[in-house]
Amino acid sequence: MRGPLGAVIGRYPSSDGTTERGGIIKHNRKCRDVAFLVIFIAFWVAMIVNSSFGFNQGNPLRLTYGLDYKGNVCGDRHAHPGLRKLEIKYWLNPNQVYQSGVKDSQFKLSNARSICLWDCPIPSEDSLNWVCDYPEGDIRLSMRDWINRYYDYYEFLTPEMRNTSLQLQGPCYPVIFPSVNVHWSCQFIARASNTSLRHWQQMGGVNINEDIVIDKSIHRSINSRSSVLKRYMADIGKSWPVLIVCGGLLPLFLSVIWLLMIRHFVAAMPWITVALVNILIITVTMFYYLKVGWIENDAISPIIGEHDPYINVFGRELNHLRAVAILMTFVMVVSVLTSIAIIRRIIMATSVLKASMILCVAAKVIGEVQALIIFPVIPYAVLAIFYMFWISAALHLFSSGQVVKNNCNANCCAYDLVAKKVNCDDCCGYSIHYTPHIAIAIFFHLLGGYWATQFFIACSSTVIAGSVASYYWARGETSPEILFLPVFASMKRLIRYNLGSVSLGSLVVSFVESIRFILESIRRKPKVSGTSDGWFGRMGNHTSRRCLSCVEWTIKSVNRNAYIMIAVTGKSFFKASEIATELIMNNILRIGKVNVIGDVILFLGKLCVSLSSAVFGFLMLDTHKYRAAHDKISSPLLPVLICWALGYVVATLFFAVVEMSIDTIILSFCQDSEEHQGTAQYAPPLLIETLGDQNEMQRLTQ
């Protein structure tokens, strides 16, 4: 049987019945769950080492641009030769491209000879254009002159070099097929230029295959799963200004506005929030309709730069957007129908009125303890710095494979300008090799990012809970120390005693989320391999997913209440969870409906902020810079999703002021009632009116 908790700050009755002035802490506190704090610190050290590996081995350019025949990344100014602004990959030998697309062929497109160019070459209308290797050896041209000559120095070749060029062995190769820039690779159009082909045949060149396979081979490579994943990651790096504005600054501004509105327009906030959520969901859905081409002709295109309007190239990203558009349509319908039901409940239910009164009490606390409005800026700034480091490290980790020469065992030859001969022993291409430990490093990095996010949110929640509890147990008396001291004192207690407990709570949530991620990956493997589970297997998958979702929601709810009791009592994480759960179960009829409805209103408020971030993300990504210029993104899907996620995290930090205020007041009220035989002694009159209605208790019990 646990003893009374008593006050945290302010006045409280002593054992002899007299009133005494208490200090900051009544209880004997000590450091709790220290082992988990040590684990958290060790995890951070491991994350720094892991990120250092990414910064040392990674090159984000690999996520966007391809490799040339020397193993250089296109666009890399430090390559040899320097490839600054030479960012487009072009395959020189059309027959090798054709061979890589033939069914059952052992030759892969990664072994076809490729080069980095300024733009995709086009066939001549009256002669034959050439694209030659980088100038070296006896070719006395600078890279600038080579570019100005449109990559053509065929006239400087010796008779031997011209003969090998006609055999498609270099150093110069004919431009027979038109091509367009598709995600920084020249996509061949399987429609050979008759003029160029005639000149090639008249010069005695070998036969060139004109089959549509030459088109499909490159298209299949560009739209492979690994290539699409790299482009999605590259989109994050290209859209960093959008992430800062729409994922950082905008939700900060909107969250502060919402907190101010909750102070002055408490009764109207449920109506305003429900209306805004529906408007924003419809707006986001319409943006997806635009980007898939269902409204007007504004679908995303994988082609970069100007091109023939009759050339249509479709990418896998468009299919992903269509799937998300269908999902958003379903969400929009459910949201509208649910809102209609909520409006009817708001009109009919007295519990919503009670939730509004609880919000009034929370607003009064925020108005009195003014530092609570400013405090979320501290964890916001810490998270902003962390995310900038974390996202940069993630981009480097995703691109940290090693560039290795392929072992192709193919019958291919290419002229070597330095050796001045045809080399048939070393003509294989290059590729980026990812070892299994890189996948482990990426998973570790993702887990670390999620754990750190939950840790900072938990720290913020614990500080807010300690501050609000201080105000409650001081009977709401305003004094100079109530305005700012509770927040700083609560921060001091957190840093001195409770970091281990907070580390444990955030670790529990992260562990459950990682289990969900692993099971989801396992669930997708049969689909990838082409096998099909029976109905029993599918039912097991869906059941496990739903159960884990319920477990995750329950743990997050328990954690939030545990943080409150940690701030109030200074107990360890599991002991605080036990106390909070017992209080809630003993008073479930009194606080259950009010607490749930308050949580729903706050959740909808977070959606308002995060969806607004997504809408403005769409607007910024729809500008010329991200549609047709050098920073063109492959799809707005991932940047908008990250803007939404960052907006939700920022809103969680600021809305925690209201959310934790409500939960702390309710738990403090329950504890106050238990300590004083069912009659709360420290609760403000409005809270007693809201939660102390015995007739309502009896009606609910019946």
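Predicted model: local features only at pLDDT ≥ 70, side-chain atom pairs only at ≥ 80, totals over all residues.
Residues are numbered from 1 along each chain as its sequence is written, and side-chain values use heavy atoms, with hydrogens and water left out.

In soluble globular proteins, nonpolar side chains tend to be buried together. A nonpolar core is here a set of buried Ala, Val, Leu, Ile, Met, Phe, Trp, Tyr and Cys residues joined through side-chain atoms within 4.5 Å, where buried means under 20% relative accessible area, exposed over 50% and partly exposed in between, with a 1.4 Å probe and protein chains only. The largest such core has 115 residues, and those with the most contacts inside it are Val 284, Tyr 288, Leu 372, Phe 386, Ile 464 and Met 565. Helix α20 (residues 637-675) gives the most to this core, with 21 residues; helices are DSSP runs (H or I, at least four residues), numbered from the N terminus. A second, separate core of 62 residues includes Leu 83, Leu 86, Leu 92 and Ile 432.

Contact means heavy atoms within 4.5 Å, and when residues up to four places away in sequence are not counted, Leu 372 touches Val 365, Ile 464, Ser 467, Val 468, Val 487 and Val 657. Phe 375 is placed in the loop between α12 (371-374) and α13 (377-398), and it counts as buried because its relative accessibility is 6%. With the same exclusion of residues up to four places away in sequence, Phe 375 touches Ser 460, Val 463, Ile 464, Val 487 and Met 491. Phe 375 and Ser 460 are 85 residues apart in sequence, yet 8.3 Å apart in space, C-alpha to C-alpha.

A cavity is a set of points, on a 1 Å grid over the protein atoms alone, where a 1.4 Å probe fits but cannot get out, and its lining residues have an atom within 4 Å of a point. Grid points are joined across faces, edges and corners, and a volume is the space filled by probe spheres set on the points. By this rule there are 5 cavities of 30 Å³ or more. The largest cavity holds about 90 Å³ of space, and its lining includes His 183, Trp 184, Arg 231 and Asp 235. The second largest cavity holds about 50 Å³, and among the residues that line it are Asn 93, Arg 113, Cys 412 and Cys 427.

Methods
Helix = DSSP H or I, 4+ residues; strand = E, 2+ residues; numbered from the N terminus. 1 Å grid on protein atoms, 1.4 Å probe; cavity = no way out; pocket = protein on both sides within 12 Å on 5 of 7 lines; lining within 4 Å.
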